[in-house]
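Please look over the sequence and the model shown here before reading on. The paragraphs that follow lead from single residues to the chain as a whole.

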Amino acid sequence: MQCLKERARYLFRIALFAALTGIMAVALGWFFQPVWKFWNNYNTMHGFYEEPENTIETIFLGASITACGFSVTELYESYGICAYNLGTEQQPVLASYYWLEEAYQRHSDTLRTVVLDCSMLRRSPDLSFYRKALDGMHFSDVKCRAVKDYTDIFEEDFLSCLVPLFSYHDRWSALERSDFEKIGYQADTSVRGYHFLTARYMDAGNYDTLAVPAYLADGTAEPSQFHKESLWYLKKMIDFCSEKGIRLVLMKTPVISSWSSCEHRAAEMIAQQYGLSFFDFNFEPYITQMGYHHALDSADGGHMNYYGATKLTAWFGEYLSRECGALDRREDASYAFMEEELGRYQGGVKWAVQMKAETDPLEYLAAASGSGRTVLVAVKEDAAQSLTPKQRTGFAGIGLEKLSGIAYGDAYLAVIEDGRVTWEQCSAVEKKEEPAAEGNSLEGLEFPFPEEGENDSESETKKEEGILSYQGHSGSIDYALKSGGQPESSIASCVIDGAEYAPNQRGLNIVVYDNEEHQVIDAACFDTCAASQRAGEIQTELDEALNAGVDAAELAGSQKKLYLYNRRCERAREAALLGQETGADGLWQFLMTYWDNEDDVLFLSVSGDAAGALDARARKAFQKIGLLKFSLLEEGDSYLAVVDAGKTLLEKRRQNHIAAKVQGAGYRVVSGGRDTGVMASAVIDGVEYALGDSGVNVIVFDKVLGMVVNRASFDTGTVPVRLPD
């Protein structure tokens, strides 16, 4: 009996040791596993498992463009739809498939629709993105199969990828603050997987360097060959949805220059083959239906910002409600948790958007200076010239006493923590006055002594060559501020944990840090030297200026830049539609589209033969609009012309195998008829634009934009010109 007891104790100790070892392994694995917060991966995974089961009706799957493309809490706010965004950075289609399975396991009674972005059909990413997409999935049969599949692909060890400790045990030397912050961390469920961005593509370059949409897909383009592995898992998704009665919708978010007609055609063919809906927001009609503006609604040309996401979300809200049977849950008591999440979303994301839109620096500071936030303020050059008495009084009212009395050219710094001003200093510009004529009067001189409570220790604040600086610590961050009010030393700097965030523009530079999310949520500038308020929504301001009769030539700054970019987009759309309508016989229609436009210059040049198919009716039509020498063209002649606002500035026609040439301000046009050995050429500002094809080559130059907006060629040597009846 005693022996049995001893043996039981021994087995119990072994079991206890094994259990404790297992618990420690799980805990250490959880701790060493990286925290991927960018693109919201960490919140996405952890928040998903906090959702009540059998509540989600729609899920969105795909890469980072999905994560920042669908603000699904607003789907509930506007349409009552309970959805979740499961997009992750470069999400492999393999991971999309297994997240579909995982979502169905938890929401099998309610899941109706799956929306998949097609971007990742083109390729399979590195192993790290499989880990980012799947490490946060709870342990289950689904996860085991997912890990088994991708470890087979990469020939990695299954167990080490399944158990975090085996994969990340050597990360101890690379641990960061975020690894410790996740202890007790509460996932932000209010965004439901959405990644919030407010940057705008418009700020990435000048109007003539920013890319514009293609607008129309080329229906003749050769379909791309998608990645074999991605297609395999897409087929699994199709079969799974068919078996479970779930509607699968394919779509492509709007991007610039990274999605072609070839890829569009490939996705379109897959949708047709399997009877799926496919919506490509890079092309008509959906780009117009959505009301998408690349310069304003994209963060970087590839990822949508909040303004774009709300447009795409609204489009899908209508579609899901109308076509997919999505239910309005706003009056359903079992969805009360969504009301709570909506409230936090409105106080978080929507509050941030409203704050970013604030035009008055007083209102902005009042809104930014809340609990859990640190606000850092630095002045560059001048922030006093245009401040109103009301603003100065208001600054004093929120504790910024020195800002209320700031003078022209003063350097200024302030720190606001949890709504309370904890540091403020203003350094007046050194006045250079003429010496007194006589006497030794001290009248009018000021002696700036530190006020009670100010810390003037060299370790925290100092004045150096006209620059005011201060270093401090707030919450979990270290910061360093600089302000130079004088033109010769003007600077506004706000360095947080070694990174610069201040816009460093004239006026009040303000950086807002969220101590709970551990990130900068805004960096703004108010040029209160030039105006008491900053410009509002740029498109609205532009529309108001144009509606008020302001001449486009008088626009300046951001308004001028946006006006010119909008014009580029209009011309690109015009060219795309024209290209779709005109064929090989469309020279007349092409010319007439631009002929009377006072801002357009047309360059015509011929290669080979352009006269063989010109009949008498066509020649008469060209003669009537002023192309006299073109109407007389014979086979093999060289020919060129320059037309400005419908007026023919010059024409040249050369016979007997002689090329024609002309050179003007910023352009050189060459025409080589048959047997000249010279191709059509139109060089504008050093760039060749002529296609060089046989027949008439036409280039359209917009004088307002200062750039070519269309070009085409028409083989009038073999194809008759189509004229209107």
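**A walk through the predicted model**

Tyr 470 counts as buried, because its relative accessibility of 9% falls under the 20% cut-off. This tyrosine belongs to strand E10, which covers residues 467-474. Although 46 residues separate Tyr 470 from Glu 424 in sequence, their C-alpha atoms lie 9.8 Å apart in space. The model is a predicted one, and every value given here is computed from it.

Lys 356 is part of helix H17, residues 349-357. With a relative accessible area of 16%, Lys 356 is also buried, since the limit for that term is under 20%. Once its neighbours within four places in sequence are set aside, Lys 356 is in contact with Phe 196, Thr 198, Ile 521, Asp 522 and Arg 534.

Burial can next be followed into the nonpolar interior. In soluble globular proteins, nonpolar side chains tend to be buried together. Here the largest nonpolar core comprises 78 residues, and those with the most contacts inside it are Phe 316, Leu 591, Leu 604, Phe 622, Leu 627 and Phe 630. The most is given to this core by helix H22 (residues 557-581), which supplies 9 residues. Another core lies apart from it and has 61 residues, including Leu 86, Val 93, Cys 161 and Ile 238. As for Leu 627, its contacts beyond four places in sequence are with Leu 591, Trp 595, Leu 604, Phe 622, Tyr 639, Ala 641, Val 643, Thr 648 and Glu 651.

The packing of helices comes next. Two packed helices are described by the angle between their axes and the distance between the axes. For helix H18 (residues 361-368) and helix H19 (residues 389-397), the axes come within 9 Å and cross at roughly 20 degrees. H18 and H19 are therefore roughly parallel to each other, as angles under 35 degrees are counted that way. The crossing of H18 past H19 is left-handed. On the H18 side, Pro 361, Leu 362 and Leu 365 meet Lys 390, Gln 391, Gly 394 and Phe 395 of H19. By type, the residues of this contact comprise 4 nonpolar, 2 polar and 1 charged.

Finally, the chain may be viewed as a whole. The protein chain contains 25 helices and 24 strands. Of its 725 residues, 52% count as buried. Among contacts between residues at least 6 apart in sequence, 68% join residues at least 24 apart.

Terms used: Residues are numbered from 1 along each chain as its sequence is written. This is a predicted model: local features need pLDDT of at least 70, side-chain atom pairs count only at pLDDT 80 or more; totals for chains, interfaces and linings use all residues. Side-chain values use heavy atoms; hydrogens and water are left out. A nonpolar core is a set of buried Ala, Val, Leu, Ile, Met, Phe, Trp, Tyr and Cys residues joined through side-chain atoms within 4.5 Å. Buried means under 20% relative accessible area, exposed over 50%, partly exposed in between (1.4 Å probe, protein chains only). Helices (H or I, at least four residues) and strands (E, at least two) are DSSP runs, numbered from the N terminus. Contact means heavy atoms within 4.5 Å. Axes are lines fitted to C-alpha atoms, for helices over the stretch in contact, and angles run from 0 to 180 degrees between N-to-C directions. Angles under 35 degrees count as roughly parallel, over 145 as roughly antiparallel, 65 to 115 as roughly perpendicular and the rest as oblique. A crossing is left-handed if the near helix is turned anticlockwise from the far one by less than a right angle, and right-handed if clockwise. Ala, Val, Leu, Ile, Met, Phe, Trp, Tyr, Cys and Pro count as nonpolar, Asp, Glu, Lys and Arg as charged, and the others, Gly among them, as polar.
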